[in-house]
Amino acid sequence: MLGGLATTAAALSLESSPRLLAIAVATFATGAVVGAGIAGRLHGLPGRLGQTWVRRLAIICGALPFAAVIVASLPWSLEPQVKFAALGSACAVAISGILLARVAENGYVDAATEGDEPVASWRWYWSPSGSRTLDLIQFLMWGLLAVSSAVVGDWWSAVLGTSAMVLGAVVSVTEGRWTRWFPDASSEAAEIRVYEHGFATERPYRRQFVPWSSITHVRLRGDELVIDRGRFDHRFDQDALEDPEALREAIDRRLETAGRR
């Protein structure tokens, strides 16, 4: 975010695109190094940021100031390079924020289960939602738009196309749709683990931890195992679970122990 602010501010006084690009690369690289250094010194920071969806959303919202600059440029006349810098910064911060939010969520799982061996675990024959073919088509289409726009000098469309292409790739990878290219990878990597303080779902590139304090009920309904937790229920297809009845009983016992029933 600091790199985006520096780039947008520099665009107010610079007209040279190469110099502006150099500043953007340098400031974003510096921000990444400084941010990594701070995160390394503040033990547990990723876990705290990834604990709730509100905190994870706040990471992504770092792109809003740059979006506000773009919106403000509509009624007021701003230099083209300022709007272009704001657009590029908004896209870069949003994509980085989505990736960091997933990393923070995984960090929270590591912190919540640190030193705590699972009471039991079951294989989860999980299959990611969405289509890898559609992801590939969209990736190629956005890439074609980016290249063709750059050739004709339409840099706005080029930045948007590149950002959409990168964002699609990030979402596809973090959601695990890449595993469909390797049929055995998904089932081998996915598990549901029951701990003393909650349960965790383990998938390629993404993990989640749900404490018992947030769960109100667990039940088998139709062809699903449903874990009620307010607006954010967890639903698992029974056919995708190694032993849905044993998992339900294990969660039920933990809820009773935790006084949730």
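Start with the four-stranded sheet: select β1 to β4, and you have an open sheet in the order β1-β2-β3-β4 with antiparallel pairing. Strands here are DSSP E runs of at least two residues and helices are H or I runs of at least four, numbered from the N terminus; two strands pair if DSSP finds at least two bridges between them. β1 (120–123) and β4 (206–211) are the edge strands, each with a single partner, so one side of each has no neighbour in the sheet. From one strand to the next, the twist averages 15°.

A word on what you're looking at: this is a predicted model, where local features need pLDDT of at least 70 and side-chain atom pairs count only at pLDDT 80 or more, while totals for chains, interfaces and linings use all residues. Residues are numbered from 1 along each chain as its sequence is written, and side-chain values use heavy atoms, with hydrogens and water left out.

Next, pick β3 (residues 198–203) together with β4: six bridges join this antiparallel pair. Show F199 and you'll find V210 of β4 opposite.

Contact means heavy atoms within 4.5 Å, and angles run from 0 to 180 degrees between N-to-C directions, with axes fitted to C-alpha atoms (for helices, over the stretch in contact).

Buried means under 20%, exposed over 50% and partly exposed in between, using a 1.4 Å probe and protein chains only.

Move on to β5, β6 and β7, an open sheet of three strands in that order, paired antiparallel. β5 (217–221) and β7 (234–237) stand at its edges. Five bridges join β5 to β6 (residues 224–228), and R219 stands opposite V226.

D228 is buried at 11%, whereas R219 is partly exposed at 23%.

Last stop: select R56, E105 and R206, which are linked in a salt-bridge network.

Definitions and conventions. A salt bridge is a side-chain nitrogen of Lys or Arg within 4 Å of a carboxyl oxygen of Asp or Glu.
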